[in-house]
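Let's take a walk through this model together. Keep the 3D view open and find each part as it comes up.

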Amino acid sequence: MEQSEVMERVVKILTPWAKNPDALESVGMDTNILEDLKVNSARLVDVVIAFEDDFDIEIADEDVDTVNTVGDAVRLILSKKG
Amino acid sequence: MAEGLTPEQVLALVPHREPFRFIDEIVELGDDHIVASYRFPEDADFYRGHFPGHPITPGVLLIEAMAQAGVVALGIHLLARESGPEEVGKVITVFTDANIEFGGLVLPGQRVVTTGRKLFFRRRKLRAEVEMKLEDGTVVSSGVLSGMGVPR
């Protein structure tokens with residue numbers, strides 16, 4: 001799976017929870033999910049479950065703690081997809 | 001997985017107290033569901049204003065009653081099972097999101113029974129499908145509620 005495809009799907013998943021449309025317009029690998037996109041931290045579990053469903057992967061709770069940026073999520077998903 | 005708490009122990013650990021406690025009894029408790037009941041007191045103070053001469057139970061309190069059963073009490077049970085009963089006292093459950101609709105009225109003195117079914121419990125966030133019925137089986141409210149355990 002190409003990084004660009006994963007990136008596109010990750011952004012699509014994050015979009016409904018992102019409260020900062022400007023950051024969404026210029027989203028990149030370094031965009032911070034909580035601080036830049038303004039996703040409510042209580043929604044992180046929802047986001048992770050959406051990643052799991054969309055990409056058909058399992059993400060351990062320990063792995064979730066390593067995800068701060070969009071790029072962290074993309075890299076984690078790519079590592080799970082092998 | 002740790003041994004679970006009894007329904008009575010869970011009920012005692014629900015932190016809410018009068019005048020904001022809307023759970024009397026846990027009728028059923030399992031790893032996937034809870035059934036709990038509450039009777040709204042006929043003389044509850046909020047009926048004076050909601051509404052003068054036409055007392056009906058505020059919908060927000062129906063949501064709260066469903067949350068105390070389907071999110072807080074069930075969450076206490078699940079946390080105790082996952083991490084041990086000693087962890088329960090270290091966190092307090094806060095509301096995170098809700099999607100609820102109402103289909104009937106609850107009048108002063110009526111008893112309601114809430115069923116909560118776990119949709120997921122991860123990272124101390126519990127999402128449950130909830131349904132509240134009157135004793136005659138009429139569904140008065142249903143939907144999905146979520147809450148999260150945060151350090152006290």
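This is a predicted model: local features need pLDDT of at least 70, side-chain atom pairs count only at pLDDT 80 or more; totals for chains, interfaces and linings use all residues.

Chain A has a mean pLDDT of 95, and 100% of its residues reach 70 or more. Within chain A, confidence is lowest in helix α4 (residues 61-64), with a mean of 91. It is highest in helix α1 (residues 3-14) of chain A, at 96.

## The sheet in chain B

Now turn to chain B. Here 6 strands make an open sheet, and if you go across it you meet them in the order β1-β2-β4-β5-β6-β3, with antiparallel pairing. Which strands stand at the edges? They are β1 and β3 (91-102) of chain B; each has a single partner strand, so one side of each is left without a neighbour in the sheet. On average, neighbouring strands are turned by 25 degrees against each other, ignoring direction.

Let's look at two of the pairs. β1(B) and β2(B) run antiparallel and are joined by 4 bridges, and a hairpin of 3 residues takes you from β1(B) to β2(B). In this pair, Ile26(B) sits opposite Ala36(B) of β2(B). β5(B) and β6(B) are also antiparallel, pairing over 9 bridges. Find Lys133(B) and you'll see Val139(B) of β6(B) opposite.

## A helix across the sheet, and the core

α2(B) lies across β1, β2, β3, β4, β5 and β6 of chain B, and runs at about 50 degrees to β6(B). Helix α2(B) also matters for the next stop, the largest nonpolar core. In soluble globular proteins, nonpolar side chains tend to be buried together.

This core has 34 residues, and the ones touching the most other members are Ile34(B), Ala65(B), Met66(B) and Ala73(B). Which elements of chain B give two or more residues to the core? They are β1 (25-29), β2 (33-39), α2 (59-83), β4 (111-122), β5 (125-134) and β6 (139-151). The largest share, 14 residues, comes from α2(B). Another core, of 19 residues, lies apart from this one, and its members include Ala18(A), Leu44(A), Val47(A) and Ala73(A).

Zoom in on Ala65(B) for a moment. Beyond its neighbours within four places in sequence, Ala65(B) is in contact with Phe22(B), Ile23(B), Tyr38(B), Val112(B), Thr114(B) and Met132(B).

## A helix in chain A

Back in chain A, helix α3 (residues 44-55) has 12 residues and reaches 16 Å from its first C-alpha to its last, close to the 16 Å expected at 1.5 Å a residue. Which residues of α3(A) are buried? They are Leu44(A), Val45(A), Asp46(A), Val47(A), Val48(A) and Phe51(A).

Their cover comes from both chains: it includes α1, α4 and α5 (70-81) of chain A, together with β4 and β5 of chain B. After α3(A) comes Asp56(A), which has a positive phi, near 55 degrees.

Last stop: Met1(B), in the segment before α1 (7-13) of chain B. Is Met1(B) buried or exposed? Met1(B) counts as exposed because it has 10 C-beta neighbours inside 10 Å, and the cut-off for exposed is 12 or fewer.

Pro108(B) is 107 residues from Met1(B) in sequence, and their C-alpha atoms are 41 Å apart.

Technical notes: Residues are numbered from 1 along each chain as its sequence is written. Chains are lettered from A and ligands numbered from 1 in the order in which they are written. pLDDT is the predictor's confidence in each residue, from 0 to 100. A nonpolar core is a set of buried Ala, Val, Leu, Ile, Met, Phe, Trp, Tyr and Cys residues joined through C-beta atoms within 7 Å. A residue is buried if 20 or more other C-beta atoms lie within 10 Å of its own, exposed if 12 or fewer, and partly exposed in between; C-beta atoms are placed from the backbone. Two residues are in contact if their C-beta atoms, placed from the backbone, lie within 7 Å. Two strands pair if DSSP finds at least two bridges between them. Axes are lines fitted to C-alpha atoms, for helices over the stretch in contact, and angles run from 0 to 180 degrees between N-to-C directions. The expected span of a helix is 1.5 Å times one less than its number of residues.
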